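Trainee: Could you walk me through the aromatic pairs here, with the reasoning behind each label?
Mentor: Gladly, let's look together.

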Amino acid sequence: MSDKVSRFRQDKLPKQVGEIARLRVKSGPDSGTSFVIKNLPITLGRGEENEVMLADLRTSRKHALLGKDPQGRWFVQDIGSPNKIECDGKVDKYFNLKHGSVFKLGETQIEFGFAELWADLQPKKAGAKQQNLPATVNPLTGLPFARNTGGAAAVPAIPSPPRVAAYTPPPAGAVRRSAGKSNGFEFSLGGGSDPNAAAKKRILVIVGAVVLGSAYTVIETSSVEFSLSPFKFVVKPKEAPKKEEKKGRSLASLLPPSVNSDRVNAADTLYKSGYREYREHNFLRAKTLFETVLQVDPAHVLAQTYLENTENQIREEVKFHLATARRDLNNGKYRSAKAHYEAVTRLLYRSQSAPEFVEAKDQLDSVTKKIKGGSS
């Protein structure tokens with residue numbers, strides 16, 4: 001079992017370290033088995049190269065791919081099987097999964113769930129009360145919802161109206177002239193020898209208090225202008241800001257971005273060629289083709305997966321050829337050692353700074369000289 005998936009022969013299992021999701025086999029030869037997923041993407045099928053290997057002979061050698069799309073949604077995709085995939089009563093090549101989805105490969109029914117919500121999928125005892133679990137995890141992505149740690153939902157505060165300094169009458173007999181602006185009000189106070197100035201000031205204070213206390217919206221929507229000599233009181237409505245006309249949206253703007261079908265077809269054709277080379281163990285050709293697919297379509301999930309697998313296979317072959325070449329060199333089998341060193345240089349011709357390539361190149365020159373000198 002790979003480091004991406006752990007297999008357990010039981011369906012009731014506590015959450016494991018690093019677990020992000022789980023597959024539980026409900027029916028089929030592997031019934032009762034759980035697969036704990038720790039990393040993505042993974043493949044499912046009856047072949048030994050799969051992260052999830054099934055004993056069902058009705059499944060293909062490589063049947064399906066399980067992963068996430070760019071939006072974070074989980075999916076299961078058929079990768080070339082004749083029987084496709086059945087999910088929720090439908091048969092197709094691609095399905096988005098949510099917590100509790102059940103899909104079928106061959107005769108094997110598999111239930112998908114997230115680690116945080118797996119408890120609500122466990123079989124309930126007869127007569128047990130159904131518990132409503134808090135919705136803390138998104139059933140589509142397996143990620144927790146944002147929580148409000150402050151208790152009650154925060155309500156945006158309503159801005160309080162601006163305060164206007166209270167009017168303080170001047171001392172008796174004093175002559176004071178002032179003018180100013182405050183919160184949209186314009187005012188002027190007259191003084192001098194007018195015998196009715198005090199009465200006018202009292203009237204002004206009363207009128208101002210009525211205006212301020214009657215409606216705060218008057219301040220926001222109007223400007224007030226008044227003076228004592230001559231006495232006047234004018235309310236001027238403010239000009240409402242001009243609203244920008246909303247530009248109409250055509251129905252075409254609501255459609256998803258179009259995909260270039262020619263590029264998709266070209267990427268699929270290259271991928272199929274790379275897959276054939278991969279199955280024939282021509283890993284250098286397969287790597288080149290998978291890299292070309294990703295240049296045409298960077299979101300090609302299968303090409304990304306098989307490119308990683310191809311690079312792993314190349315590393316394994318390099319280890320094998322180096323170990324065999326060293327053994328043959330110690331046993332005096334120089335021609336056999338030379339062939340293995342040449343294989344290493346071919347596999348790593350694009351990584352000539354790698355230590356394995358440097359070793360193979362040096363030993364190849366040495367072995368070639370020994371063969372020319374008459375050694376076998």
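**Aromatic pairs and burial**

Mentor: Let's begin with F75 in this predicted model: its relative accessibility is 2%.

Trainee: How many aromatic pairs does the search of the whole structure find?

Mentor: It finds 11 aromatic pairs.

Trainee: Why is the pair of F75 and Y94 called stacked?

Mentor: The ring centres are 5.3 Å apart, within the 6.5 Å limit for a pair. The planes of F75 and Y94 meet at 15 degrees, under the 30 degrees for stacking, so the pair is stacked. F75 sits in strand β7 and Y94 in strand β10, 19 residues apart.

Trainee: What makes Y275 and Y306 edge-to-face?

Mentor: Their centres are 5.4 Å apart, again within 6.5 Å. Their planes stand at 80 degrees, over the 60 degrees required, so the pair is edge-to-face. Y275 is in helix α3 and Y306 in helix α5, so the pair ties together parts 31 residues apart in sequence.

Trainee: Why is Y306 called buried, and Y275 partly exposed?

Mentor: Y306 is at 1%, under the 20% limit, so Y306 is buried. Y275 is at 22%, between 20% and 50%, so Y275 is partly exposed. Ring pairs also link both into a cluster with Y271, Y278, F283 and F290.

Methods
Residues are numbered from 1 along each chain as its sequence is written. This is a predicted model: local features need pLDDT of at least 70, side-chain atom pairs count only at pLDDT 80 or more; totals for chains, interfaces and linings use all residues. Side-chain values use heavy atoms; hydrogens and water are left out. Rings of Phe, Tyr and Trp (its six-membered ring) pair if their centres lie within 6.5 Å; planes under 30 degrees apart count as stacked, over 60 as edge-to-face and the rest as tilted. Helices (H or I, at least four residues) and strands (E, at least two) are DSSP runs, numbered from the N terminus. Buried means under 20% relative accessible area, exposed over 50%, partly exposed in between (1.4 Å probe, protein chains only).
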